[in-house]
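User: I would like to go through this model with you, starting with the helix contacts. Here it is.
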Amino acid sequence: MTIAAEALKQSRQVIDMYEAYADRYDEIVGSEPIERVQAALKRLAAEVGTDSQILEIGSGAGREADFLEDLGLHVRRTDATRRFLEIQAARGKQADLLDVVADELGGPYDAVVALCVLFYVRRAEIEAVLGKVAQSLRPGGVFLVSMRHGDGEKNGEYQTVLWRRDDFARLLEDAGMAVVWDEFAVNTGNGEEWISFLAVKGS
């Protein structure tokens, strides 16, 4: 199997998982983002200002997009899972079908948000994905991303990729984005380690 075919297979496995789990996910995520995510979103909003155009990759149930819109930003909600689009449509929210590995991202945007989603992208594809993110941003645009922290990969029904802080920061820099803030956190429920980054595209 070619690298491209393997990437599409991996992406399809993750999407199929979320198609089956989307309704349950919507029930358990709550009506608004957790406190540390809210703080990161406020940080992004302060960087770009109100009325900015935001691309959200992997909107899921749409709670982060709701929060950003309450701060005065305009969000293009996207997800690769059709059921999430239907859940948001039932709340009167428009969301577009988009697979970050296979599709172009459009733009230019003032910011791109990808929380708890790019850790599904295989190491062989992550540079290309970050390149697309950078290309979709205006000069001075901002990228907020969170990744699973650690070493190696977790393999089960689908693969998740862990990254050390310096390694992923280097990838962001190689894509033309300078890290201006990062934060390490541990989920209280399952002990998973996460690292979040705010990076700015060069002019």
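User: Which residues in α2 meet which residues in α3?
Analyst: V37, Q38, L41, K42 and L44 in α2 meet E64, F67 and L68 in α3, where contact means heavy atoms within 4.5 Å. Helices (H or I, at least four residues) and strands (E, at least two) are DSSP runs, numbered from the N terminus. This is a predicted model: local features need pLDDT of at least 70, side-chain atom pairs count only at pLDDT 80 or more, and totals for chains, interfaces and linings use all residues. Residues are numbered from 1 along each chain as its sequence is written, and side-chain values use heavy atoms, with hydrogens and water left out.

User: At what angle do the axes of α2 and α3 cross?
Analyst: The axes of α2 (residues 35–48) and α3 (residues 63–70) cross at roughly 45° and come within 10 Å. Axes are lines fitted to C-alpha atoms, for helices over the stretch in contact, and angles run from 0 to 180 degrees between N-to-C directions. That makes α2 oblique to α3; angles under 35 degrees count as roughly parallel, over 145 as roughly antiparallel, 65 to 115 as roughly perpendicular and the rest as oblique.

User: And is the crossing of α2 and α3 left-handed or right-handed?
Analyst: The crossing of α2 and α3 is right-handed. A crossing is left-handed if the near helix is turned anticlockwise from the far one by less than a right angle, and right-handed if clockwise.

User: Let us move to α6. Which of its residues are buried?
Analyst: In α6 (residues 165–174), F168, A169, L171 and L172 are buried. Buried means under 20% relative accessible area, exposed over 50%, and partly exposed in between (1.4 Å probe, protein chains only). These four cover an arc of only 155° around the axis, which puts them on the same side of α6; the arc is that of the directions from the helix axis to the C-beta atoms.

User: What do the buried residues of α6 pack against?
Analyst: They pack against α5 (123–136), β5 (137–148), β8 (177–186) and β9 (193–201).

User: How do α5 and α6 cross?
Analyst: Their axes come within 9 Å and cross at roughly 45°, so α5 and α6 are oblique to each other. The crossing of α5 and α6 is right-handed. I126, E127 and L130 of α5 make the contact with F168, L171 and L172 of α6. By residue class, this contact has five nonpolar, no polar and one charged.

User: What about the backbone? Where is the cis peptide bond?
Analyst: It joins G107 and P108, with omega of about 5°. P108 lies in the loop between β3 (95–97) and β4 (109–114).

User: Which residue has a positive phi of about 70°?
Analyst: That is D51, which is not a glycine. D51 is in the loop between α2 and β1 (53–56) and counts as exposed, at 54% relative accessibility. C116, also not a glycine, has a positive phi of about 55°. C116 is in the loop between β4 and α5 and is partly exposed, at 41%.

User: Last one: is Q88 buried or exposed?
Analyst: Q88 counts as buried, at 0% relative accessibility, and its place is in α4 (residues 82–90). Leaving aside neighbours within four places in sequence, Q88 is in contact with S59, G60, A61, G62, R77, K93 and A95.

How values were computed. Nonpolar A, V, L, I, M, F, W, Y, C, P; charged D, E, K, R; others polar.
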